[in-house]
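Grab a pencil and open the viewer.

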Amino acid sequence: MTIDSLLSPGTRVRRLLNVTHQLPFEVHHDARKEGSPWRLAERRGHDAMYSGIRSLKSDDCDIYNVGWIGHIHWHGENDDDATPHALNDAEKAELTQLLLANHCLPLFLNVENIIGHYDGYCKTMLWPLLHYIIWNHATDGRLESQQWRAYQAVNRLYADLLMEMYEDGDIVWVHDYHLLLVSSMVREMAPLATIGLFVHSPWPTSEIFRCLPKRQELLRGMMASTMIGFQTYGYARHFISTCTRVLGCESTPEGVKGDDGHFCYVVAIPIGIHAERIEQVLAKPTTIEKMASIRELYPDKKIFVARDKMDLVKGVLQKLETFERFLAMYPQWRNKVVLIQLTDAPVTITKSEDIVRLESKISTLVARINGQYGSLEFSPVYHYPHHVLDDEYHGLLAVADVALITSNRDGISTIAYEYIICQEQAHNPLIVSEISGTAASLSSALIVNPWDMTGVARAIHEALVMSPCEKKERHQQLLHHVKTHTSAFWAHAFLKRLQESVAYVKQANHTRRLTLDVLLPAYKQCDKRLFCFGYDGTLVPWQDKTRRLGAPSAQVLAMLQQLCDDTRNQVWVISGQDELALERGLGAVRGLGLAAEQGMFLKYPHATRWVNGMEHVDMDWKNDVIELFSYYTERTNGSFIEHKRSAVTWHYALADDPPYAAFQAKECQNHLEHAILSKLPVEIVVGRKTLQVRPISFSKGDMLKRLLKPDADFIFCAGRADRSAEDMFRTLLTMQQRHRLPPKDTENLQNSQNPQKEDKTATPQPSRPIFSVLVDTNSQKPSLATWHVPAMHDLVTIFAELTQHT
């Protein structure tokens, strides 16, 4: 088998090219084996990622894995047979054949590449920084430069290997911090490629990441992706903020826009586990035997379980110190509890001095605790610094009374999820570090600060004395999350969002000119029509450089009145202006619905009074925002603050120094994201030389969702080129995509680890005529609208002719 044989002949099948640091199989060489000495085994670790990817395989989707083969496991009758050696060309060819047969495209790296890339730049530069550890030693930079060149070279090897089998239409999914440059390298060779990047590790704040010397190169490499996924919303927000501050990029809550105009979507999709596989392991006779053996080893003891990598960020040392503090604070539990700490060794070729020191400290601390609180018959701490088999590990999780997942800094800990599945019968509690990404998903666990040893000790005591009723209630909530947000759900959700992002990008680059011939047939055949117009720049022109609004023309008023006079039409104007401005401009139009301040205030058709939508909205945030805007207004000559009842807007279009004002706007946006957005129910809207803060769920898109009714058979929305109109267009585009899918595709995937195959006999739901129209002279302006008209009078002309024909 060759790479050419993997290229899809004839009928096109959707292909997913999954690019990971290592292939999902471990390679074993056994000289005692008859025939070929090579065999493959499923790789230990990262089971959540690999099982999620496997769940995507179907008759309509082929999956190919691209990655390094990893360290080879050598076996033989004597030491010479089991001695590692560099592969020759014949061995590489034979191994490649075996891996290609398993849909794997192997990359062979030499020792120099491995040490420079993984052991070097990944583990000494990126990994600590992503976990908020700043390097504690200064060098002349030569070693870092050498490791950076190795990182670039290895990423180039991945990209080149990937392109050997890439075809137009393939989906590329790159994983984690080892391969942050691959997206840009693939984009150079395939400009239209669909590229997803998922970062499994945490992502720090911009203040931390900007310490990295090669920060700009890494960020630009990542931003070449179509979409980037993170484990939590906080990590996604940190990445967007980092791009804004380090690269000066324009950003929105949906993503960041690069200097070349490419928009990279950013999403948060936490990973899950393969729950069914763990349940199968628990049901095995060998696992049941291990459970009984563990209970016999520790009779009448409460078992604490913990598993971590031997790493500086996992907090093994602090966990042991906390356990020591617990025994000191609660003497009644001495000789009644045991901590079983499992640690996995690092997979690097070379062991760093930091890890050697950490291992020594852990051994010393374990000996101290056992010496002070143990005896000849019993030790309160058992440390196992080696790998355990699945049946032993899951059996231990099933009999444990408490799990301690208290890392100093981590992404999503799948160990916590595995413990929850294993405790389906016992319902024992889980203690989770608030600094890890897991805490955001498992709110029913006992959340602790790992640096507060006294607080963690109290949480351990609370877990031990917790009532069975509370245990069961907490566990049921945790179990529901783990079983619904599986690894399959994560993979399907990511792929779905990636395809939606591709649709948005394609839509943004294909906006057609709207004509009467297109609009009239759909208009005539429908009886329940919804029209939504913007106001500023759509129905009312801007007057001058001060961007003040004029009054609607007689032609616009006549057009709106003719539409409202038809009882089959429901017509709304949605604007950021207040009620007074809309009443003054459009109050004379009978039967027109008005939505002021993006839908905060409503005046329904034929009504005489406005409805206040702010009665139950918390607006206490305004003082903090005004104080921050005032700070930047004082330092940016010509800028000013616009006050509305529902929003506060900072304008800098008239600033004396436009470049400096743009810089201040980015600083202000970053400040808002860290100080306001993270703790208050508001969102930031980046407009044309404006920053606006408003309550969440009050946008033109949200207003449109409230107006849409299931029986509406014709939808028309028009707006100028700005963020508020794009919210409407995005709502309609999402609705169109969902209507094109077979009903089974829109079902919730979260209850199935292996979703059923798509029913090819299912027919798509009928689509209704939807017209999203951009009002702008530039037809090439990126927009999610389907159609465009050059100017307001073109829109008026079309509707004047439309009403004459009907």
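A crossing is left-handed if the near helix is turned anticlockwise from the far one by less than a right angle, and right-handed if clockwise. Helices (H or I, at least four residues) and strands (E, at least two) are DSSP runs, numbered from the N terminus. Before you start, note that this is a predicted model, where local features need pLDDT of at least 70, side-chain atom pairs count only at pLDDT 80 or more, and totals for chains, interfaces and linings use all residues. Residues are numbered from 1 along each chain as its sequence is written, and side-chain values use heavy atoms, with hydrogens and water left out.

**Exercise 1**

Work out how helix 4 passes helix 5, and which residues make the contact.

Solution. Start with the axes, which are lines fitted to C-alpha atoms, for helices over the stretch in contact, with angles running from 0 to 180 degrees between N-to-C directions. For helix 4 (residues 111-130) and helix 5 (residues 142-165), the axes come within 8 Å and cross at roughly 115 degrees. Next, the hand: the crossing is left-handed. Now list the contacts, meaning heavy atoms within 4.5 Å. Helix 4 brings Asn113, Gly116, His117, Gly120, Tyr121, Cys122, Thr124, Met125 and Leu126, and helix 5 answers with Glu144, Gln147, Trp148, Ala150, Tyr151, Val154, Asn155 and Leu157. Last, sort by class: Ala, Val, Leu, Ile, Met, Phe, Trp, Tyr, Cys and Pro count as nonpolar, Asp, Glu, Lys and Arg as charged, and the others, Gly among them, as polar. The contact of helix 4 with helix 5 comes out at nine nonpolar, seven polar and one charged.

**Exercise 2**

Classify the angle and hand of helix 5 against helix 6.

Solution. The axes of helix 5 and helix 6 come within 9 Å and cross at roughly 45 degrees. Angles under 35 degrees count as roughly parallel, over 145 as roughly antiparallel, 65 to 115 as roughly perpendicular and the rest as oblique. Helix 5 and helix 6 are therefore oblique to each other. Their crossing is right-handed. On the helix 5 side you'll find Gln152, Asn155, Arg156, Tyr158, Ala159, Asp160, Leu162 and Met163, which meet Val182, Met185, Val186, Glu188 and Met189 of helix 6. By class, the contact of helix 5 with helix 6 has eight nonpolar, two polar and three charged residues.

**Exercise 3**

Do it again for helix 12 and helix 13.

Solution. The axes of helix 12 (residues 316-329) and helix 13 (residues 353-373) come within 10 Å, crossing at roughly 15 degrees. That makes helix 12 roughly parallel to helix 13. The hand of this crossing is left-handed. Among the contact residues are Leu317, Leu320 and Phe323 of helix 12, and Ile362, Leu365 and Ile369 of helix 13. The classes for the contact of helix 12 with helix 13 are twelve nonpolar, one polar and four charged.

**Exercise 4**

Is Leu179 buried or exposed, and what does Leu179 touch?

Solution. Buried means under 20% relative accessible area, exposed over 50%, partly exposed in between (1.4 Å probe, protein chains only). Leu179 counts as buried because its relative accessibility is 0%. Skipping neighbours within four places in sequence, Leu179 is in contact with Val19, Thr20, His21, Tyr151, Asn155, Tyr158 and Val174.

**Exercise 5**

Describe the setting of Ser184.

Solution. Ser184 sits in helix 6 (residues 182-189). With a relative accessible area of 18%, Ser184 is buried. The Ser184 side chain reaches the backbone oxygen of Leu181 at 2.9 Å. Leaving aside neighbours within four places in sequence, Ser184 contacts Arg220, Gly221 and Ala224.

**Exercise 6**

What is the phi of Glu597, and what is the phi of Gln598?

Solution. Recall the background: most residues other than glycine have a negative phi. Glu597 has a positive phi near 50 degrees, and Gln598 has a positive phi of about 60 degrees although it is not a glycine. Glu597 is in the loop between strand 22 (593-596) and strand 23 (601-603), and Gln598 lies in the loop between strand 22 and strand 23. On burial, Glu597 is buried at 4% relative accessible area, and Gln598 is buried at 9%.

Note on methods
A polar contact is a pair of N or O atoms within 3.5 Å; within protein, one must be able to donate a hydrogen and the other to accept it, and residues adjacent in sequence count only if both atoms are side-chain atoms.
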